[in-house]
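Here is a short briefing to read alongside the model.

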Amino acid sequence: MSRKHHHFKGAEVSCCVKYFLFGFNIIFWLLGAAFLGIGLWAWAEKGVLSNISSITDLGGFDPVWLFIVVGGVMFILGFAGCIGALRENTALLKFFSVFLGLIFFLELTAGILAFAFKDWIKDQLNFFINNNVKAYRDDIDLQNLIDFAQDYWSCCGAHGPNDWNLNIYFNCTEVNPSRERCGVPFSCCVKDPAEDVLNTQCGYDVRLQVELDQQKYIYTKGCVGQFEKWLQDNLIVVAGIFVGIALLQIFGICLAQNLVSDIKAVKANW
């Protein structure tokens, strides 16, 4: 009597999910490493790495922190997802999912709070800008960031040019010996298309004039108001970027969880 052999195909890990998640995360990992490298290089150039205590010396915001924090998070997430997918390590994949889910939850919470407490956010933005106006000359990266913001949004100070009285080099007090007294940074100046060479002294003494005359030479609107206007004008683009980032995060979490389920199913058949 012939014996029939029945072959049952057991559960297996999806190669598509595995290598797609691996490729997705290796890009993330490399980007994180690049951000971290740029941040550490910037700190090395400023001598921060040779004197760690100087991190707390800056009164304003050091833009390098953005590269360090964002790069660090991307590097850790990319590493966990990349190695977890390649080695089929459920612990790393779960860490990746939970960490990414936590970031998504924090982003969602921040968005809801920002919408619910608009006035408080606006006050904090005013405080943040004015605090950095005070530290304008203390750090070259901060200086470049403020100059970029004022030039891009065609603004000057948080509420207007007189916010530069908060800075020791630009304030209008009689005891201020600086040549920049009663002036503003060059990034506040209205650009002349006919000028080929940037005039970095265009803001000197400009606040000694009446406001009507100031408008001929510098931007008189504050950066908080201009930023709000920019957000309103570009609301669809900004919302699209945030929704795109959120969908990528959800997609990453789903891929990781799918791979974890496959690995568990395979192990259950051993």
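How many disulfides does a search of the whole structure find? The search finds 4 disulfides, a disulfide being a pair of cysteine sulfur atoms within 2.5 Å. This is a predicted model, where local features need pLDDT of at least 70, side-chain atom pairs count only at pLDDT 80 or more, and totals for chains, interfaces and linings use all residues. Residues are numbered from 1 along each chain as its sequence is written, and side-chain values use heavy atoms, with hydrogens and water left out.

**Disulfide pairs**
- C155 bonds to C223 with an S to S distance of 2.0 Å; the S-S torsion is about 85°, so this disulfide is right-handed.
- C155 is buried at 0% relative accessible area (buried means under 20%, exposed over 50%, partly exposed in between, with a 1.4 Å probe and protein chains only).
- C223 is also buried, at 9%.
- The sulfur atoms of C172 and C182 are 1.9 Å apart in their disulfide.
- C172 is partly exposed at 27%, whereas C182 is buried at 3%.
- C189 and C202 are joined with S to S 2.1 Å, and a torsion of about 105° makes the disulfide right-handed.
- With the bonded cysteines numbered in sequence order, the pairing reads 1-8, 2-5, 3-4, 6-7.

- C16 is in no disulfide, and the nearest cysteine sulfur, that of C15, is 7.1 Å away.
- C16 is exposed, with 65% relative accessible area.
- The sulfur of C82 lies 16 Å from the closest cysteine sulfur, in C15, which is too far for a bond.
- C82 is buried at 2%.
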